[in-house]
Amino acid sequence: MLNKMALMRHFFHTEEKKMLKRLLDEMKAGTKKQISVSAENLPVTLIKGEYPGKTVLISAGMHSGEYPGVPALGNICRQMDPQKMHGSVIAFHCLNISGLYAHSDALFPEDGGNLNRCFPGDENGTVSQRIAAFMTKEVLPHADFIIDLHSGGLGEPLTPCLFYPVQKSVKEESLNIAASLTLPYLLPSESRVGMFSYAANVMHIPGLLLERGYSGICEETWIREYEEDLRRALSALNVIAYEYKTMPQHLFEKVIYMEFEEQGIWQCRIHAEDEVRKGDLLGIVYDLFGNPVHEYRSDYDGIVMYHRGGITARTGDLLTAVALKKEE
Ligand SMILES: [Zn+2]
């Protein structure tokens, strides 16, 4: 039997299902609209270009402490002129609003869910699972290309980089758009449970996950650089006209994720974008008395993309992500 809440949710869900697709179809060409969708009232800007073209989904704030994407996307939506545009933009300004206002680093405070591990989601599950299910069913199928804006986490220094899908059917198209961006490091994503990665590696929709900025702060330069990347991507997708010069980039085929094996005080010896060689000291975990517990060394030659920078180490937490140099 459906209880009242489930019935309400079912009702809203059915309404929304018609709503986003119907709104897109019914919108007059050359116009913009700001709406709230899903039971969580996610803020969305729909921009329908004057001329036909691709539908691009751009999202930010999936991890609530990864700030630069949120203002960058808002600024771009405000600046875009739909009368000069081809195709449509569906902009999800902030996918984790409760986390944003709770100052949560990444997770939903209601259920501890990491939205980028929840796909395809469950419409009868907890809030993060419901949002994933909503995106999977109501939004992703309408997108021709997906751009998801992220950053390093709290106490997690990061060098600007992006993830492209490994799925053969969409890899080349995704990399073609990646080539337009200012992000220098291109990393493979094999995941199938994140939004962009589920869309690409399972649903065969090309896309990219961009990473810029870190540590729960929001430098003006990071916002401007994300705006520049969005303009470049939309130009490469033939949605807007914008001229740019391509930048040098490095394509990697493999990333190694090292994790902590114990809890303790982490004294880090690396920085984002450092080149490390096999055997190099990455840092030492101490106990609370200051006794050394574990010396971590690199098993590979590569470049540090991001790493735990703050002093807290917890078992299973990410220590560093290292992009591997090709074997010579
Ligand atoms: Zn993230």
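Reply:
**Strand pairing**

Strand β15 and strand β17 (residues 318-324) pair antiparallel over five bridges. Within that pairing, H307 faces T320 of β17. Two strands count as paired if DSSP finds at least two bridges between them. Strands themselves are DSSP runs of E of at least two residues, helices are runs of H or I of at least four, and both are numbered from the N terminus.

This is a predicted model, so local features need pLDDT of at least 70, side-chain atom pairs count only at pLDDT 80 or more, and totals for chains, interfaces and linings use all residues. Residues are numbered from 1 along each chain as its sequence is written, and side-chain values use heavy atoms, with hydrogens and water left out.

Strand β15 has another partner. Strand β12 (residues 275-276) pairs with β15 over two bridges, again in the antiparallel sense. There V276 stands opposite G302. Strand β15 spans residues 302-307, and six of the six are buried, so the strand is largely enclosed by the rest of the structure. Buried means under 20% relative accessible area, exposed means over 50%, and partly exposed lies in between (1.4 Å probe, protein chains only).

**The open sheet**

Now to a sheet of four strands. It is open, antiparallel and ordered β14-β13-β11-β16. Strands β14 (292-297) and β16 (312-313) are the edges; each has a single partner strand, so one side of each lacks a neighbour in the sheet. Strand β13 (residues 281-286) is joined to β14 by five bridges. In that pairing V285 sits opposite H294 of β14.

**Ring contacts**

Y296 of β14 pairs with F260, in the loop between β10 and β11 (264-268), linking parts of the chain 36 residues apart. Rings of Phe, Tyr and Trp (its six-membered ring) pair if their centres lie within 6.5 Å; planes under 30 degrees apart are stacked, over 60 edge-to-face, and the rest tilted. F260 is buried at 2% relative accessible area. Y296 is buried as well, at 3%. With W266, these residues make one aromatic cluster: F260, W266 and Y296.

The whole structure holds five aromatic pairs. One of them joins Y185 and F252: the ring centres are 6.1 Å apart and the planes meet at 45°, so this pair is tilted. Y185 belongs to strand β7 (residues 185-189) and F252 to the loop between β9 (250-251) and β10 (255-259), so the pair ties together parts 67 residues apart in sequence. Y185 is buried at 7% relative accessibility. F252 is buried at 8%.

Charges also meet rings. R212 lies over the face of Y226, 5.4 Å from the ring centre. The charged end of R231 sits over the ring of Y242, 5.8 Å from its centre. The test asks for NZ of Lys or CZ of Arg within 6 Å of the ring centre and within 35 degrees of the ring normal.

**The zinc site**

The zinc ion is coordinated by ND1 of H63, two OE contacts from E66 and ND1 of H150, at 2.0 to 2.6 Å. Donors are N, O and S atoms within 2.8 Å of the metal (3.2 Å for Na, K and Ca); water is not among the atoms, so sites may look incomplete. Angles among the four donor atoms run from 54 to 147°, and the site is irregular. Four donors are tetrahedral if all angles lie between 85 and 135 degrees; four are square planar and six octahedral if opposite donors are over 155 degrees apart and all others between 65 and 115; anything else is irregular.

In sequence, the donor residues follow H-x2-E-x83-H. H63 lies in the loop between β3 (51-59) and α2 (69-79), and H150 in strand β5 (residues 145-150), so the pair ties together parts 87 residues apart in sequence. Both H63 and H150 are buried.

**Backbone exceptions**

Most residues other than glycine have a negative phi, and most peptide bonds are trans. The bond from F119 to P120 is cis, with omega near 10°. P120 sits in the loop between α3 (97-101) and α4 (127-139). N41 has a positive phi, near 55°. Its loop runs between β1 (31-37) and β2 (42-48). N41 is partly exposed, at 48% relative accessible area. S215 has a positive phi too, near 70°. S215 lies between β8 (207-211) and α7 (220-236), in a loop. At 23% relative accessibility, S215 is partly exposed.
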